[in-house]
Amino acid sequence: MTTDRQNQKPYEGKYGGKPYDGKPYEGYVPAGASAAGPYALDIDPARAGWSHSSLRVLELAPGADHSLDTGDSEWIVLPLTGGCTVHTQGESFELLGRESVFGGVTDFAYLPRDAHAQIASGAGGRFALAGAKCERKLPARYGPAPEVPVELRGAGDCSRQVNNFGAAGVFECDRLIAVEVLTPGGNWSSYPPHKHDEHHPGVESELEEIYYFEIEDGGVGYHRVSPSRPGGTDVLAEVRTGDTVLIPDGWHGPSIAPPGRDMYYLNVMAGPGRSREWLIRDHPEHGWIRDTWPALAVDPRLPLYGAEASA
């Protein structure tokens with residue numbers, strides 16, 4: 001179990017710098033630990049030790065570009081800061097992006113499997129590439145920011161905002177499910193703890209999940225994953241901007257935002273099920289919290305922004 005950073009091995013360089021040794025990362029991946037080339041974060045199924053989900057964070061200097069082959073995975077290019085142009089399959093998508101993940105909903109682009117793509121940014125920026133191994137080759141598409149559903153979930157100090165840009169039933173993908181969550185300072189999200197590591201039709205879907213964190217103004221938050229089976233994932237991580245938690249199994253939550261600092265995380269999910277759906281099972285000792293929400297107001301700080309706030 002990871003409890004504090006004093007026990008972490010040091011990482012050298014701007015993002016870290018130790019070369020990948022071929023072994024899967026454990027549940028908590030500090031910022032920089034998985035950096036590779038232009039990617040400040042590079043998690044693929046081999047590095048995660050699972051079968052489907054991937055996440056990269058691409059950093060581009062002003063005027064720079066990056067080429068990639070999508071291989072056997074579909075990808076969504078999601079601006080974290082700044083905007084970019086995405087060229088693929090004879091299409092060009094101009095992503096306006098945003099100033100930061102705390103500043104507005106962003107537009108995005110979908111890249112199909114077995115394709116070549118180029119991402120260029122005149123002003124520079126940081127761009128998440130959320131991916132999943134898949135079978136079908138869907139068309140490349142643009143996702144407008146005003147069409148992203150913004151959901152307020154929970155109530156009281158469990159209130160949070162979910163930007164459902166890549167949710168099942170919202171935007172078509174073959175396997176990939178991806179959403180953004182914003183938690184006001186002092187609140188708990190991903191609560192009650194829940195899991196999706198077994199296939200039970202209509203009740204629970206089997207999904208690998210990546211949490212990528214950013215904390216407003218350099219704050220620190222916490223994230224918990226507890227075992228749902230003997231020997232399962234067990235993580236208590238202190239998280240800062242750029243940190244990642246990998247969840248192959250287990251009850252995950254809460255994600256705790258520090259007082260006075262909002263928390264952002266990007267969730268990337270995929271799995272082997274025939275149906276692309278997000279079905280969860282609450283932890284039996286904590287699910288009661290949902291019954292308290294009808295009597296509580298949603299945190300008045302939410303929404304932090306709506307789709308109309310995009311830059």
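In the predicted model, R56 and D42 form a salt bridge through their side chains, with an N to O distance of 3.5 Å. R56 belongs to strand β3 (residues 53–60) and D42 to strand β2 (residues 39–43), so the pair ties together parts that are 14 residues apart in sequence. Both partners are buried. R56 has a relative accessible area of 18%, and D42 has a relative accessibility of 10%. Because the cut-off for buried is under 20%, R56 falls within it at 18%.

A second salt bridge joins the side chains of R136 and D174 at 3.0 Å, N to O. R136 sits in the loop between β9 (125–133) and β10 (141–143), and D174 in the loop between β12 and β13, so this pair ties together parts that are 38 residues apart in sequence. R136 is partly exposed at 39% relative accessibility. D174, at 13%, counts as buried.

The side chains of K195 and D197 also meet in a salt bridge, at 2.8 Å from N to O. K195 is buried, with a relative accessible area of 5%. D197 is buried as well, at 7% relative accessibility. Shared partners extend this pairing into one network of K195, D197, E198, E204, R229 and R281. K195 additionally lies over the face of W251, 5.7 Å from the ring centre. In total, the structure holds 19 salt bridges.

Aromatic pairs number eight in the structure. Ring pairs link F108, Y110, F165 and F171 into a cluster. R141 lies over the face of one member, Y110, at 4.5 Å from the ring centre.

Strand β21 (residues 263–270) is largely enclosed by the rest of the structure, because eight of its eight residues are buried. In a regular strand, side chains alternate between the two faces of the sheet. In β21, M263, Y265, N267 and M269 point one way, while Y264, L266, V268 and A270 point the other way. Strand β13 (residues 177–183) pairs with β21 in the antiparallel sense over seven bridges. Strand β16 (residues 208–215) also pairs with β21 in the antiparallel sense, over eight bridges. Y265 of β21 is the bridge partner of V181. Y265 is also the bridge partner of F213.

Q161 lies in strand β12 (residues 160–166). Its relative accessibility is 0%, so Q161 counts as buried. The side chains of Q161 and N163 are joined by a polar contact of 3.1 Å. Beyond four places away in sequence, Q161 touches V150, E151, L152, E180, V181, L182, L302, P303, L304 and Y305. V181, among these contacts, is the residue bridged to Y265 in β21.

Conventions: Residues numbered from 1 in each chain as written. Predicted model: local features only at pLDDT ≥ 70, side-chain atom pairs only at ≥ 80, totals over all residues. Heavy atoms only, no water. Helix = DSSP H or I, 4+ residues; strand = E, 2+ residues; numbered from the N terminus. Buried < 20%, exposed > 50% of the residue type's maximum accessible area, 1.4 Å probe, protein only. Polar contact = N/O pair within 3.5 Å; in protein donor to acceptor, adjacent residues only side chain to side chain. Contact = heavy atoms within 4.5 Å. Pairing = 2+ DSSP bridges. Phe/Tyr/Trp six-rings, centres within 6.5 Å; stacked < 30°, edge-to-face > 60°. Lys NZ or Arg CZ within 6 Å of the ring centre and 35° of its normal. Salt bridge = Lys/Arg side-chain N within 4 Å of Asp/Glu carboxyl O.
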